[in-house]
Amino acid sequence: MPDLLLPAARLPRWVENFAERHGETAFTVVDGALSGRAEDGSSCRFQLPFGASFDAEPDLDRFAAAAVPPVDWGVLLVRKGGFAIARLHGAELTDSKTGQRHVQGRTKAGGQSQQRFARRRDNQAKAAFGAAADHAARILTERRGLAVLVIGGDHAAVDATLDDARLRGLRDLVVGPWLATPDPRRSVLEQAIADAQAIAVEVVNA
């Protein structure tokens with residue numbers, strides 16, 4: 001996981017602050033990422049969003065300019081408590097849907113009561129994931145194909161949703177980073193869209 005997800009516009013100022021703390025920083029391009037090493041031995045690494053590789057000269061402005069979203073891409077967030085789905089054209093949101101579903105928490109009851117509760121809870125979860133899959137199929141698959149898909153929420157919930165036959169082709173489009181989110185709401189989806197377009201930063205302090 002990255003230490004920070006940084007909007008491209010903030011990259012130059014972030015690097016200035018890093019250099020003020022750690023000394024003059026020299027940059028190189030290593031394995032498709034921009035890597036910096038400061039005078040005190042501290043290092044930083046920047047990865048473009050959407051799994052993109054950077055293969056130009058180690059220039060901050062060129063790197064920041066390369067952090068652009070694909071023409072068509074999507075976001076899928078699923079937890080037992082709800083889902084959020086978005087389709088984007090570049091930076092423009094073209095369609096989205098959020099939904100909440102009630103799934104009961106765990107119980108301390110035992111015996112047959114616990115078994116009935118577990119079955120009811122499983123059925124509620126399946127209904128929640130089914131609703132997420134219905135909207136994902138409409139938003140993410142019924143029009144021109146996506147270039148990439150960013151996912152997040154709960155791993156098991158996302159996997160259960162993508163197991164739907166209508167969505168299995170989306171697995172091949174998934175790129176990082178994984179977005180760990182609370183129960184999806186509109187504000188959570190908006191933040192996820194911003195995070196998906198951000199530069200992933202890793203820092204190692206000397």
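# Briefing on a predicted single-chain model

β5 and β6 form a hairpin with two residues between them. The model is predicted. Its chain has five helices and 10 strands, and buried residues make up 42% of its 206 residues. Among contacts between residues at least 6 apart in sequence, 62% join residues at least 24 apart. The accessible surface of the chain is about 10,800 Å², and carbon and sulfur atoms account for 47% of that area.

- The pairing of β5 with β6 is antiparallel and runs over eight bridges.
- Within this pairing, Arg79 stands opposite Gly82 of β6.
- β6 is also joined to β7, residues 92–100, by eight bridges, and these two strands run antiparallel.
- Phe83 has Gly99 in β7 as its bridge partner.
- β6 and β7 make a hairpin with two residues between the strands, where Gly90 takes a positive phi near 65 degrees.
- Seven of the eight residues of β6 are buried, so this strand is largely enclosed by the rest of the structure.

**Asp95 in β7**

- Asp95 is a residue of strand β7.
- The side chain of Asp95 makes a polar contact of 3.3 Å with the side chain of Arg138.
- Not counting residues up to four places away in sequence, Asp95 touches Ile85, Ala86, Arg87, Arg138, Ile139 and Arg143.

**Nonpolar cores**

- The largest nonpolar core has 22 residues, and the members that touch the most others are Leu76, Val78, Ile85, Leu140, Leu149, Leu167 and Leu170.
- Two or more residues of this core come from each of β5 (72–79), β6 (82–89), α3 (111–141), β8 (148–153) and α4 (155–162).
- α3 gives the largest share of the core, with nine residues.
- Another core lies apart from this one; it has 18 residues, including Ala8, Val15, Cys44 and Phe63.
- Leu167, of the largest core, is in contact with Ala133, Ala136, Ala137, Thr141, Thr161 and Leu162, leaving aside its neighbours within four places in sequence.

**Helix α4**

- At the start of α4, the backbone nitrogen of Ala156 has a side-chain oxygen of Asp154 within 3.2 Å.
- The buried residues of α4 are Ala157, Val158, Thr161 and Leu162.
- These residues lie on the same side of α4 because they cover an arc of only 130 degrees around the axis.
- An α-helix has 3.6 residues a turn, so residues three or four places apart point the same way.
- Two of the buried residues of α4, Thr161 and Leu162, are also among the contacts of Leu167.

**Two non-glycine residues with positive phi**

- Asp31 has a positive phi of about 50 degrees although it is not a glycine.
- Asp31 lies in the loop between β2 (25–30) and β3 (33–38).
- With a relative accessible area of 73%, Asp31 counts as exposed, because that value is over 50%.
- Phe50 is not a glycine either, and its phi is positive at about 65 degrees.
- The loop that holds Phe50 is between β4 (43–47) and α2 (60–65).
- Phe50 counts as buried because its relative accessible area, 8%, is under 20%.

- The peptide bond from Gly176 to Pro177 is cis, with omega near 0 degrees.
- Pro177 lies in strand β9.
- Ala180 is found in the loop between β9 (174–179) and α5 (186–196).
- Ala180 is exposed, and its relative accessible area is 63%.
- Ala180 and Leu77 are 103 residues apart in sequence, and their C-alpha atoms are 8.9 Å apart in space.

Conventions
Residues are numbered from 1 along each chain as its sequence is written. This is a predicted model: local features need pLDDT of at least 70, side-chain atom pairs count only at pLDDT 80 or more; totals for chains, interfaces and linings use all residues. Side-chain values use heavy atoms; hydrogens and water are left out. A nonpolar core is a set of buried Ala, Val, Leu, Ile, Met, Phe, Trp, Tyr and Cys residues joined through side-chain atoms within 4.5 Å. Buried means under 20% relative accessible area, exposed over 50%, partly exposed in between (1.4 Å probe, protein chains only). Helices (H or I, at least four residues) and strands (E, at least two) are DSSP runs, numbered from the N terminus. Contact means heavy atoms within 4.5 Å. The arc is that of the directions from the helix axis to the C-beta atoms. A polar contact is a pair of N or O atoms within 3.5 Å; within protein, one must be able to donate a hydrogen and the other to accept it, and residues adjacent in sequence count only if both atoms are side-chain atoms. Accessible areas come from the Shrake-Rupley method with a 1.4 Å probe; for residues, only the protein chains shown count as cover. Two strands pair if DSSP finds at least two bridges between them.
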